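Trainee: I'd like to zoom in on one residue and then on the aromatic side chains. Could you walk me through it in one go?

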Amino acid sequence: MWQEFKQSIVVSIWFVFLTFPLMVVRVNTMEDLVEWRWMNIAWVAIASFLLSYLWRYMLARKQVRKKVEEEGGDTRSKLQIMLENESLRFKAMGVLLVAALVYPQIFDTYQTTIMISALIYVVLGLGLNINVGLAGMLDLGYVAFFGIGAYTFGILNHHFDVGFWMMLPVGGMVGCLFGVILGFPILRLRGDYLAIVTLGFGMILKVVLENWGSLTFGPSGIANIDKPGLFGLDLSLANHTIYIYYIMIALVVFTIIVTNRLKNSRVGRAWMALREDEVACIAMGIDMARTKLSAYALGAFWAGMIGVVFASKTTFINPASFTFMESAIILSIVVLGGMGSILGVILGAFILILLPEYMRAFSEYRMLIFGASMTLMMIFRPQGLISGLRQTYLYKGAKEEIDNG
Amino acid sequence: MAENKHKLLEVKGLTMDFGGLRAVDSVSLDVHEGEIAALIGPNGAGKTTFFNCVTGIYNPTRGDILLHPKEQKTRRLNGLKPNKVTEMGLARTFQNIRLFQGMTVLENVMIGRHCRTKAGIFHAILRGKTFREEEQQIVESSYQLLEKVGLGDSANEFAKNLPYGAQRRLEIARAMATDPLLLLLDEPAAGMNPQETSALDQLIVKISTEEKIAILLIEHDMKLVMNISDPVYVMEYGKKIAEGSPQQIKDNPKVIEAYLGEEADA
């Protein structure tokens, strides 16, 4: 601690020295005066000291944690331990669900709309989590499937007046289908190469959407897409928002259940094995092509399905909604939340989507803060906010031990 | 060598070229049921390449790899994908440990059960009775395997946190989870201390006698090889230069030459 304190003092003095001409001296050319702004130097000193100290403190903590981990110790945070307690987890989930259900009754339409977009990103994050978090396939073009789902609904709705409920599963299926089609060329790729090819997919989709005017109406997009119907009732805008909100809650719950079940199954374990070591994975009798394709297609399924909801919610889609930026945000949600962790991804989505909404005052600095926080995250907590929970299994041997003891 | 034993693996004239380099040059080798065969040779002799050909990681340039499972028809393994080879009944470990580091010890073994179980995506989502039964059966059999290799207590540890010797044993347990007819061990004793090596020695003998799994191992630890294996095959520069019982190998001048070099002509 003392060491870090001293170093921070040195850093702070050095910063004072460096910024002195800029921060303190100001020459007023109009009146031929030199202003000495001594207060500024104090701010520089305090800020640089605090930042440097915090930085060093965090690094030191990381070192300690690493050491404990090497010695086989427990490095889980209190939150992590709490999350691994199953009954507590269920109670917490119950409370959250109730809170989610009463939310639109308490808050106004604006808040509900924001929450809907956060929930959309929760599902997208959970879908991408299958690719990136579980199967370890870095996908930078995930938004392509989102766009495919949205446009499938938009086009079919425009020409054939197909309704939302019909298209919800169809959108997922179409996403899935494209996942398989695009999955074949990437079977042999891994790591960076895979990332670049998927990045290309995302770009291609956007170019196709912009230029295939006869099908997609080009950059002007498709307007007047139907909102989801409720037994033919005529809902007001506010009520419709609430309705879509509840649809999203149901979809989120559905997604959580399905991805959780997939994760703790033979298929999910094969995905994780693929992430850990490809060669060992095939040597253990796992069909790599099938496993990769299934992960890719299932990831795409959620994007396709949620694309339908997105189109229906905004009633207007154009290619500008499906840029690389969206892919980057979805990927950031997964990485920030914790790869492979369902709870982490949900938390990540709320942080990354809700914070910018509520901090509109700082909107100019949004990307700056975004980049800085991602960098810090990778340095201090590369496993994300909540790392994947360790799955434990009950086996007869253990039960006998308890009986004997 | 007992001729009455059932021949399990038959490799005939296996050749593997990498461009102009012949890494394995028409090597023939048989492994019979119940045998612990060893493949030895100086570094770079082509032993691991031979393994990679047999297990499907490389597609050999020439030669035949035939598997004769008892009471089933013979299968040719050339050109099959590694996962198919494993399904046929050949499981392997790696020279440099390749565990699934971020998964628990038990999960590592459970992966080995993958090719012997069937549950697909829809089973996983619906969680029917068959799925839960199969899942429980995977857990139980994996745990039993862990007990066998002496890792029952650390079932829920992360694989990366295991000590080195235990990681080696976990790799063997994982390979055994695929219900193999033949287990191929690539330098299982590499980097182990004498105690760990002798424990491994016992484990390999136990697998061979109790589980009735034939074993082919690559090893540099001569003590281990001479103690437990028969027959021994020796490779040098991609060619097989000798085969026979450990005693025959010890006395074979070609082998001594390969390991110690020729006597200087003065």
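Is B:Arg92 buried or exposed, and what is its relative accessible area?

Mentor: Keep in mind that this is a predicted model. B:Arg92 has a relative accessible area of 3%, and because the cut-off for buried is under 20%, B:Arg92 counts as buried. As for its place in the fold, B:Arg92 belongs to strand S6 of chain B, which covers residues 90–92.

Now for its partners. The side chain of B:Arg92 makes a polar contact of 2.6 Å with the side chain of B:Asn52. There's also a polar contact at 3.3 Å between the side chains of B:Arg92 and B:Thr55. Both B:Asn52 and B:Thr55 turn up again among the residues that B:Arg92 touches, once you leave out those up to four places away in sequence. From chain B, that list also has B:Phe51, B:Ile57, B:Ala175, B:Leu184 and B:Asp186.

B:Arg98 has its charged end over the ring of B:Phe94, 5.7 Å from the ring centre. B:Arg174 lies over the face of B:Phe100, and there the distance to the ring centre is 4.7 Å.

On to rings that pair with rings. Over all chains, the structure holds 21 aromatic pairs. One of them is A:Tyr103 with A:Tyr245, a stacked pair with 5.9 Å from centre to centre and 20° between the planes. A:Tyr103 sits in helix H4 (residues 86–106) of chain A and A:Tyr245 in helix H10 (residues 237–263) of chain A, so this pair ties together parts 142 residues apart in sequence. Both A:Tyr103 and A:Tyr245 are buried.

Compare that with A:Phe254 and A:Trp302: their ring centres are 5.6 Å apart and their planes meet at 65°, so this pair is edge-to-face. This one also links distant parts of the chain, with A:Phe254 in helix H10 of chain A and A:Trp302 in helix H13 (residues 288–314) of chain A, 48 residues apart. A:Phe254 is partly exposed, at 40% relative accessible area, whereas A:Trp302 is buried, with 1% relative accessibility.

Finally, have a look at the cluster in chain A: ring pairs link A:Trp2, A:Phe5, A:Phe49 and A:Tyr53.

Definitions and conventions: Residues numbered from 1 in each chain as written. Chains lettered and ligands numbered in written order. Predicted model: local features only at pLDDT ≥ 70, side-chain atom pairs only at ≥ 80, totals over all residues. Heavy atoms only, no water. Helix = DSSP H or I, 4+ residues; strand = E, 2+ residues; numbered from the N terminus. Buried < 20%, exposed > 50% of the residue type's maximum accessible area, 1.4 Å probe, protein only. Polar contact = N/O pair within 3.5 Å; in protein donor to acceptor, adjacent residues only side chain to side chain. Contact = heavy atoms within 4.5 Å. Phe/Tyr/Trp six-rings, centres within 6.5 Å; stacked < 30°, edge-to-face > 60°. Lys NZ or Arg CZ within 6 Å of the ring centre and 35° of its normal.
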